[in-house]
Amino acid sequence: MGKDLAYSVIAGLMIAAAAQAEVALHVGYLSVYEDLPPTLSNLDPEPADIGIAGAMTGLEDNSTTGRFLGHSYTLTTTILEEGDDPLAAAAALLDETSFVIIDASADDLLAIADLPQAADALLFNAAADDVPLRDDACRANILHTMPSVAMRTDALAQMFLKRRWYDLVMIAGTHPQDTAYADAMRHSLTKFGLELAAEKTWAFDADMRRAAAQEVPLFTQDFGDYDVMVIADELHDFGRYVLYNTWEPRPVAGSEGLTAVTWSPVIEQWGAAQLQSRFEDQNRRDMTGQDYAAWAAMRTLGEAVTRTDAADVDTLRTYILSDAFELAGFKGRPLTYRDWNGQLRQPIALAHPRALVAQAPLEGFLHQTNELDTLGLDRPESDCEAFQ
Amino acid sequence: MIRSVLILSCLVTSPAQAGEIWVTNEKDDTVSVISTETLEVIQTYPTGERPRGITFSKDYSRVYICASDSDAVQVMDPNTGEILHDLPSGEDPEQFVLHPNDRHLYIANEDDAITTVVDTETRKVIAQIDVGVEPEGMAVSPDGAIAITTSETTNMAHWIDTETQELFANTLVDSRPRHAEFVAGGTQLWVSSEIGGTITIFDVADQSEIGKISFEVRGVHPDRVQPVGFEFTLDEKTAFVALGPSNHIAVVNAESFEVEDYILVGRRVWHMDFNGDKSQLFTTNGVSGDVTVIDVASRTAIKSIKVGRFPWGAAYRPTE
């Protein structure tokens, strides 16, 4: 259903643009199947078209602009099911176009980037937040519109420091995503001169929808007093049951409570209300961080085509990584790419489900070149060499 | 002592001409009416939802208000505050401009990528023009021949032939164009770009770019210096430019395109209007919820006036 809709929109746009198209950009979107473990709650089913819907909104934005310039845009989406071979699918897509937005794990993404067909391609990582992809495992043909997990934990660390919440404890889950989040959080706290007073691992196997009220107070009792409890639960398995059940009446942050996110329905400043309503009208649901990352990838390409009047990898990549590039991303500042690892610089929202609390970089966190570089791997920290 | 000095300077710079500045309060669904004599709010009238753009008819007998979330342009009697009727406006009207013929309103429909032209007498839509994503800034040339829509996400100024109601040119500007004005007898078009941080100046005759103005506020990161609304002094030699979250107004030499001064005002300054003889400038400061009054001659802020939540647009009318 989602696929059909996508193609019909493409057809419509092609007709509209055919009259004067001088520059045509064809973009692929690849969604690799990921088998996630089950979670305790069934409250948050992931939309089937997550990411793709954002790319479609970006496609429409690009096409509207392109209409006035003789530029046309098309999008092909490939959605893999369980058991499908991501490399074969990526190779097929790369035969069609050199511009591919990818929703895949870090391992799959790297394997795709190393395909011979991808050697002269420009790939956008719109899903994986792993730090190594921006560090020693970086690839010159991958740009990242999804913020790294380090950008998000740095944002929270700035918040803790700003609010003078110095006394921190953490509960971490045992999934690899939880462990990566906990590692990033420890690193961020060290970076901003903070530390964890205590840590515990969540290894319960009871169904917490029934037992949380009994278990969590006892489980959190031996933390003693603290300012904030950090939860590393990136699959959103147990964290939701910790809020309001802690022994001490203290706020919760991290994967639950006060979260640092790429995008959230509660962002309405900086013209974001328009993007939210455009997205919602088209998709009848809220825009997620993954949708935003795919939208930003599409818009990055659109902005580069608009400004360069070209659609080849070399011209677009050079322009995107240059000082001339800037993307208006509804986050209150121009978004640009780090030319040392291909990461899209962007403010990070600190939000709870009902409101935006603050936006990092917070006031007072200064940087010699760009305050946005106080979030994530800065130039001297990154071991990425592919961009040199 | 200080107060007496201020009053004196007000008396010197503002002659007897009485008037009002009308300010739309985006998050209060009201307009605040400020007396240009007493510099106080003298009336607050309810409007439709999310009022933004505001302008008066030529004889000041009507005030038009974009009630964005009511999907209407409201027509108000400024003497009573009564809403007389709504005009069809297309969805989500944000900004508009009244054609010199005093009849045609050119309205930017932010959610729909459309500019709607409405006849204020017959109350009918006479044209809808496809423009770029998120149309916002609106301007019309003094001779009425050209209307402009700027589109925030497409990053263009769209040039509309008001005879045919069709686009005849589209010119790229920097990111997120917000406001446009014709100057120098309609020979120049100025367009501000909020995220790009610039004002682009076009030669109207051939739509070529003839200049670009950048801003630099001491102690404020360039990313936070975001030009939005701007207005010109009576002699058109000086432009005042609102710089958004940098909380400053830039004073620009409109001949050399050089910035001469920066004036600290309230938080997130967006739009502005002058009093009758243009001796005072009133800026809307969204985040601080107030209006700053600037003495134009001395280029200093002389007063802050509390209005409603998130003041957005400002428009002047004489009252005598």
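Of the 320 residues in chain B, 53% count as buried (20 or more other C-beta atoms within 10 Å of a residue's own, with C-beta atoms placed from the backbone; 12 or fewer means exposed, and anything in between partly exposed). This is a predicted model, in which local features need pLDDT of at least 70 and side-chain atom pairs count only at pLDDT 80 or more, while totals for chains, interfaces and linings use all residues. Residues are numbered from 1 along each chain as its sequence is written, chains are lettered from A, and ligands are numbered from 1 in the order in which they are written.

**View 1. Chain B as a whole.** Chain B holds one helix and 28 strands. Helices (H or I, at least four residues) and strands (E, at least two) are DSSP runs, numbered from the N terminus. The radius of gyration of chain B is 18 Å, close to the 20 Å from the globule rule for 320 residues, so chain B is as compact as a globular protein of that length. The radius is taken over C-alpha atoms, and the rule is 2.2 Å times the number of residues to the power 0.38. The C-alpha trace of chain B spans about 60 × 45 × 30 Å along its principal axes. Among contacts in chain B with a separation of 6 or more, 43% join residues 24 or more positions apart. Two residues are in contact if their C-beta atoms, placed from the backbone, lie within 7 Å.

**View 2. The sheet β16-β17-β18-β19 of chain B.** These four strands form an open sheet in that order, with antiparallel pairing. Two strands pair if DSSP finds at least two bridges between them. β16 (177-183) and β19 (208-214) of chain B are the edges; each has a single partner strand, so one side of each lacks a neighbour in the sheet. The twist averages 20° from one strand to the next. Axes are lines fitted to C-alpha atoms, for helices over the stretch in contact, and angles run from 0 to 180 degrees between N-to-C directions. Six bridges join β16(B) to antiparallel strand β17 (residues 188-193) of chain B. B:Ala180 stands opposite B:Val191 in β17(B).

**View 3. The sheet β24-β25-β26-β27 of chain B.** Here four strands form an open sheet in the order given, and the pairing is antiparallel. Strand β26 (residues 290-295) of chain B runs antiparallel to β27(B), and six bridges join them. Opposite B:Val291 stands B:Ile305 in β27(B).

**View 4. A parallel pair in chain A.** Strand β6 (residues 167-172) and strand β7 (residues 195-201) of chain A run parallel, joined by six bridges. A:Val169 has A:Ala198 in β7(A) as its bridge partner. The chain passes from β6(A) through helix α6 (residues 176-191) of chain A to β7(A), a right-handed β-α-β crossover. Right-handed means that, with the strands pointing away from the viewer, the path from the first strand over the helix to the second runs clockwise.

**View 5. Around A:Asp291.** A:Asp291 is found in helix α9 (residues 289-308) of chain A. A:Asp291 is buried, with 27 other C-beta atoms within 10 Å. Not counting residues up to four places away in sequence, A:Asp291 touches A:Ile50, A:Gly51, A:Ala53, A:Gly54 and A:Phe279.
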